[in-house]
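I opened this notebook to record a few look-ups in a single model. The entries follow in the order in which I made them.

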Amino acid sequence: MAPTRPQADGTDGADDKDRQLESVRADSRGELTTETGVRVDDTDNSLSAGERGPTLLEDFHFREKITHFDHERIPERVVHARGAGAYGHFQPYESFSRYTRAHFLSDPSVRTPVFVRFSTVAGSRGSADTVRDVRGFATKFYTREGNYDLVGNNMPVFFIQDGIKFPDFVHAVKPEPHNEIPQAQSAHDTLWDFVGLQPETMHMMMWLMSDRAIPRSYRMMQGFGVHTFRLVNERGEGTFVKFHWKPVLGVHSLVWDECQKIAGKDPDYNRRDLWDAIEAGQYPEYELGCQLVPESEEHRFDFDLLDATKIIPEEEVPVVPVGRMVLDRNPDNFFAETEQIAFHTANVVPGIDFTNDPLLQARNFSYLDTQLIRLGGPNFQQIPVNRPVAEVSNNQRDGYGQQRVHRGRTSYFPNSLGGGCPALADAGAYTHYQERVDGAKIRRRSPSFQDHFSQATLFYNSLAGWEREHLVAAFRFELGKCEVMAVRERVVERLNHVDHGLAVEVARGIGVAPPAEAAVRNHGRSSPALSQTALLGTVEDGARSRRIAVLAADGVAATGVSVLRDELTERGAVVEVLAPHDGRLAAADGPALAVDRAMTTMASVLYDAVVVAGGADSAAALAADGYATHFVTEAFKHAKPVVALDEGVDLLRRLPLGALRTAERESDGVLADQGVLTARGGAVRRLAEAFVPLLAGHRVWDRPTASVPA
Ligand code: HDE
């Protein structure tokens with residue numbers, strides 16, 4: 001049976017894609033057999049000549065088992081090798097047929113199945129999730145008119161303008177070829193050498209050095225189609241479009257120190273987060289939006305719409321909400337589905353078309369090409385996860401791994417022997433947008449692509465103070481890892497074209513002489529929509545799916561913990577009790593308290609907030625435990641909400657938390673300072689009320705933490 005998700009309307013929640021997959025799902029059941037269906041009664045001992053003799057070639061079970069194993073691996077993706085995926089559905093809010101004839105966008109009653117794969121770009125399949133990198137956000141819509149792939153990233157621009165530079169860029173960012181170091185890191189000479197020499201990278205490098213490159217969760221990041229695409233309606237009229245995904249949970253990031261630690265503590269951090277949220281029924285949701293530009297206004301901007309290193313500021317062209325996507329089912333098998341899915345920018349449906357963006361044009365060649373080798377030949381669209389729910393019928397035949405048993409004598413067009421089938425479509429066919437093109441064959445970048453800095457400056461100007469601090473720290477970290485001084489210097493020189501103050505600050509941290517004067521004047525323009533502060537969550541209850549660690553030890557005041565846990569769990573938070581030992585904790589005020597995890601198996605970096613429980617013995621035990629005190633200090637350092645109950649407050653006082661106020665008590669028993677909440681005397685419910693907005697705000701960025709060790 002298909003895994004079902006019972007719906008409010010009484011249906012089983014299975015969609016067309018789910019039902020299609022049901023025919024290929026394979027469960028481990030019955031007796032062990034070979035691939036040819038012969039039953040096997042011993043898979044532990046190979047067939048040998050005598051008890052201590054050589055293995056016999058005629059042992060077909062042994063040979064098949066080993067041979068299959070020997071061929072289990074396929075090439076990983078040349079970029080975006082590391083990923084995680086999920087199924088879900090998309091539904092438009094209302095008909096978008098004014099702009100596009102795409103059926104899945106034209107009828108609000110149509111729910112289209114989707115598969116989304118999130119990824120990092122530079123690392124290998126086994127690399128850590130929390131590296132500084134762009135994140136892929138690729139969506140396959142299984143529409144009734146065929147598959148449509150929106151293969152986007154979590155940043156709205158790209159490093160280069162012309163696809164012919166892609167191999168150069170990727171070679172520069174990947175591990176260096178002589179020693180294959182460093183893995184999944186941009187902080188090395190070859191990338192920054194390329195950046196310094198190729199100034200079109202500058203806008204994207206600003207995004208990459210910002211907190212967008214270290215998302216808290218795939219559920220909390222935006223997605224962008226990046227290129228300007230074209231929507232085409234029934235009348236054949238085109239409209240330029242930029243696609244946006246906005247996460248309902250808001251856009252939130254980790255801090256860099258935390259990322260590096262998570263890479264060791266839980267390299268699967270983002271992958272696990274996505275999986276767990278879906279298993280828990282907390283389905284990630286995103287709103288699809290479009291920026292629309294009439295064809296007649298193609299040249300109204302001070303940049304070229306075909307240049308993928310540029311955004312259209314949302315203040316100039318607002319994002320129109322189009323529909324909602326919900327991810328509600330984890331794949332059954334990582335390899336079969338998440339690894340074998342094949343996205344392609346050229347997988348379009350009627351009503352969606354391309355532009356002449358030279359990066360997009362290159363992609364329209366590259367994805368099919370790479371998949372031919374990655375998935376072993378031309379039949380990869382027949383792999384279950386790739387199969388459309390629309391009917392497929394053509395004269396393509398044979399090839400490795402052919403799954404269809406084509407019947408009949410004809411595999412050519414036109415034919416009369418096969419009744420003329422498959423016939424040309426009467427209606428609903430894809431017709432390419434009729435754009436007039438003429439010009440001389442040239443190898444030259446358009447002059448309209450030449451401004452590489454204005455939008456980098458726009459981005460910088462739009463950031464909040466804390467975002468700028470993080471950005472400067474990131475540049476210092478990355479360039480600080482470069483061994484060649486000339487590489488650092490060249491990048492500082494480029495930054496001086498973005499903003500003089502930025503160049504000076506970065507230079508000071510990396511031993512480069514700060515530029516004496518600005519290369520250009522900062523134009524002073526900003527686009528508030530670019531700051532993450534503009535993208536806090538849209539859910540009212542900000543505790544949803546937030547992970548909260550409650551530190552406790554024997555002697556814990558368990559009632560306060562239980563009340564707080566109930567309050568937060570009711571609001572969708574995940575609350576775990578961590579203690580110096582697993583099992584149960586003796587409580588000061590009643591029955592023993594169950595421990596969810598031994599503290600040493602976890603770390604503060606794996607939680608969004610920390611609570612120190614009350615109880616004199618518990619607090620004393622935690623205060624004497626370096627792992628526990630580090631846990632709290634580190635959470636504080638990473639600007640997370642910290643909460644202490646009763647005697648737990650005494651523990652906070654002993655930690656090096658700067659100028660934190662924990663001594664006074666306010667009339668209602670709850671004291672809030674720098675995102676730290678303390679409660680005495682059973683004011684736990686009131687404390688929970690104050691805790692939720694802190695969780696929704698994600699981090700307390702204005703908390704002074706420079707002196708805090710961690
Ligand atoms: Fe890709 N990209 N890309 N890319 N890309 C691939 O296709 C390529 C670009 C993106 O989860 C590859 O099947 C070229 C921009 C995502 O399976 C490959 C250029 C954007 C994924 C490829 C770009 C992306 C890929 C590697 C410059 C954001 C992962 C394996 C012209 C809009 C999809 C594969 C998944 C994967 C080529 C630039 C996003 C080699 C040549 C811009 C999300 O075909």
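Predicted model: local features only at pLDDT ≥ 70, side-chain atom pairs only at ≥ 80, totals over all residues.

Entry 1: I looked up the strand order of the open sheet of 7 strands and found β15-β12-β11-β16-β17-β19-β18, with mixed pairing. I then asked which strands stand at the edges. They are β15 (597-598) and β18 (670-673); each has a single partner strand, so one side of each lacks a neighbour in the sheet. At the β15 end, I found that β12 (residues 574-579) pairs with β15 in the parallel sense over 2 bridges. Within this pair, Ala-579 stands opposite Ala-598 of β15.

**Entry 2: helices on the sheet.** I next recorded what packs on the sheet. Helix α15 (residues 558-570) does so, touching β11 (547-551), β12, β16 (609-612) and β17 (642-645). I read an angle of about 150° between the direction of α15 and that of β12. Helix α19 (residues 684-697) also packs on the sheet, where it touches β16, β17, β18 and β19 (676-679). The direction of α19 makes about 175° with that of β19.

**Entry 3: Ala-588.** I located Ala-588 in the loop between β13 (584-587) and β14 (590-594). Setting aside neighbours within four places in sequence, I listed the contacts of Ala-588 as Gly-555, Val-556, Ala-557, Gly-615 and Asp-617.

**Entry 4: the ligand shell.** I counted 26 residues around the ligand, of which Arg-77, His-80, Gly-136, Gly-163 and Val-226 come nearest. By class, I recorded 13 nonpolar, 10 polar and 3 charged residues in this shell. At least two shell residues come from each of β2 (112-120), β3 (135-143), β4 (146-153) and α10 (358-374). Which element gives the most to the shell? It is α10, with 7 residues.

**Entry 5: helix α10.** I therefore checked the length of α10: at 1.5 Å a residue, its 17 residues should span 24 Å, and the end C-alpha atoms are 24 Å apart, which agrees. I noted Pro-358, Leu-359, Leu-360, Arg-363 and Gln-371 as buried in α10. After α10 comes Gly-376, for which I recorded a positive phi, near 80°.

Technical notes:
Residues numbered from 1 in each chain as written. Pairing = 2+ DSSP bridges. Helix = DSSP H or I, 4+ residues; strand = E, 2+ residues; numbered from the N terminus. Contact = placed C-beta atoms within 7 Å. Axes fitted to C-alpha atoms, helices over the stretch in contact; angles between N-to-C directions. Near = placed C-beta within 6 Å. Nonpolar A, V, L, I, M, F, W, Y, C, P; charged D, E, K, R; others polar. Expected span 1.5 Å × (residues − 1). Buried ≥ 20, exposed ≤ 12 C-beta atoms within 10 Å, placed from the backbone.
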